[in-house]
Amino acid sequence: IMVDNIDPDKLKKGEIFDFDLAANTYYFPVDELIQDGFKDFITTKILGEFIKIRKSFVQKNYSEVRSLSHKLKSVFSMLGAINLYKCFEQMQKSIDNNTMDNIDDIYISLLKDMKIFFNEIVIFCRDVAEHPVSESLIRQFEEVSKECDLNESNKIKSQINSNDSTKNVVDNIEGRNLEVDPVVRNPCCSQACNR
């Protein structure tokens with residue numbers, strides 16, 4: 001068992017993930033994820049469902065965004081990825097309650113937190129677990145993310161690319177009125193990159 005052979009402190013990365021909690025409390029199959037360098041997880045949950053959220057958000061298909069957010073919040077909660085869990089939960093609640101005033105901020109926070117999560121997984125797999133994430137998956141994530149970024153509204157693009165603090169915006173968005181730029185009509189991944 002991989003997790004038992006890793007210092008428990010190295011299995012925890014603040015609110016980004018907690019693999020000790022995932023393995024020993026939720027019995028999430030962290031060992032399997034580590035063994036294959038998170039290949040199946042990245043392929044299905046990040047390159048699949050998360051990118052589908054991005055595509056659906058650009059198309060304003062909020063029922064799909066809601067459905068996938070509901071699905072992913074459980075997965076990331078069990079991984080101890082509290083920031084991502086909060087983003088997915090807030091996205092789902094916002095759509096459920098039809099309180100869309102802050103949805104762009106929630107979305108921006110989700111994108112930033114996923115990028116941090118992905119980067120930390122790459123570092124963890126390489127330096128701690130010694131089962132690195134494949135270079136092709138890293139490239140795929142970067143390419144698909146860049147392609148999706150091109151289809152975001154100007155407001156979201158500027159926030160994604162800002163070097164401001166990546167503190168989770170979800171905690172600070174109550175009661176703010178925002179002007180929202182119109183969404184670009186081209187769907188994310190429109191150039192047959194669906195993998």
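This report walks through the core, the aromatic pairs, the salt bridges and the cysteines of a predicted model.

## The nonpolar core

Let's start in the middle. The largest nonpolar core has 55 residues, and within it Phe 76 and Phe 117 touch the most other members. Helices α1 (19–24), α2 (30–35), α3 (39–58), α4 (62–78), α5 (82–96), α6 (103–128) and α7 (135–150) each give two or more residues to this core. The largest share comes from α6, which puts in 13 residues.

What does Phe 76 touch, leaving aside residues up to four places away in sequence? The list runs to Phe 41, Ala 81, Leu 84, Tyr 85, Phe 88, Met 114 and Phe 117.

## Leu 79, in a loop

Leu 79 sits in the loop between α4 and α5. Is Leu 79 buried or exposed? Its relative accessible area is 0%, so Leu 79 counts as buried. Beyond residues up to four places away in sequence, Leu 79 touches Phe 17, Asp 18, Phe 19, Ala 22, Phe 28, Leu 33, Phe 41 and Phe 117. Leu 79 and Ile 16 are 63 residues apart along the chain, yet their C-alpha atoms are separated by 8.9 Å.

## Aromatic pairs

There are twelve aromatic pairs in the structure. Take Phe 17 and Phe 19: the pair is stacked, because the ring centres are 4.2 Å apart and the planes sit at 10°. Both of these residues, Phe 17 and Phe 19, are buried.

Phe 19 also pairs with Phe 38, this time tilted, at 5.6 Å centre to centre with 35° between the planes. Phe 19 is in helix α1 and Phe 38 is in the loop between α2 and α3, so this pair ties together parts 19 residues apart in sequence. Phe 38 is buried, as is Phe 19. Zooming out, ring pairs link Phe 17, Phe 19, Phe 38, Phe 41, Phe 76, Phe 88, Phe 117 and Phe 124 into a cluster.

## Salt bridges

The count of salt bridges comes to ten. In helix α3, Lys 45 and Glu 49 are four residues apart, about one turn of the helix, and their side chains meet in a salt bridge at 3.5 Å, N to O. Lys 45 is buried at 17% relative accessible area, and Glu 49 is buried at 13%. Glu 49 has another partner in Lys 71, with the closest N and O atoms 2.8 Å apart. That pair links distant parts of the chain, with Lys 71 in helix α4 and Glu 49 in helix α3, 22 residues apart. Lys 71 is partly exposed, with a relative accessible area of 43%.

Asp 149 and Arg 54 form a salt bridge through their side chains (2.6 Å, N to O). Asp 149 lies in helix α7 and Arg 54 in helix α3, so the bridge ties together parts 95 residues apart in sequence. Asp 149 and Arg 54 are both buried. As for Lys 45, Glu 49 and Lys 71, salt bridges with shared partners join them into one network.

With 16 residues, α7 reaches 23 Å from its first C-alpha to its last, close to the 22 Å expected at 1.5 Å a residue. Its buried residues include Gln 140, Ser 145, Glu 147 and Asp 149.

Over in helix α6 there is Glu 120, buried with a relative accessible area of 17%. Leaving out residues up to four places away in sequence, Glu 120 touches Lys 13, Ile 16 and Phe 17.

## Cysteines

Key:
Residues numbered from 1 in each chain as written. Predicted model: local features only at pLDDT ≥ 70, side-chain atom pairs only at ≥ 80, totals over all residues. Heavy atoms only, no water. Core = buried A, V, L, I, M, F, W, Y, C linked by side-chain atoms within 4.5 Å. Buried < 20%, exposed > 50% of the residue type's maximum accessible area, 1.4 Å probe, protein only. Contact = heavy atoms within 4.5 Å. Expected span 1.5 Å × (residues − 1). Phe/Tyr/Trp six-rings, centres within 6.5 Å; stacked < 30°, edge-to-face > 60°. Salt bridge = Lys/Arg side-chain N within 4 Å of Asp/Glu carboxyl O.
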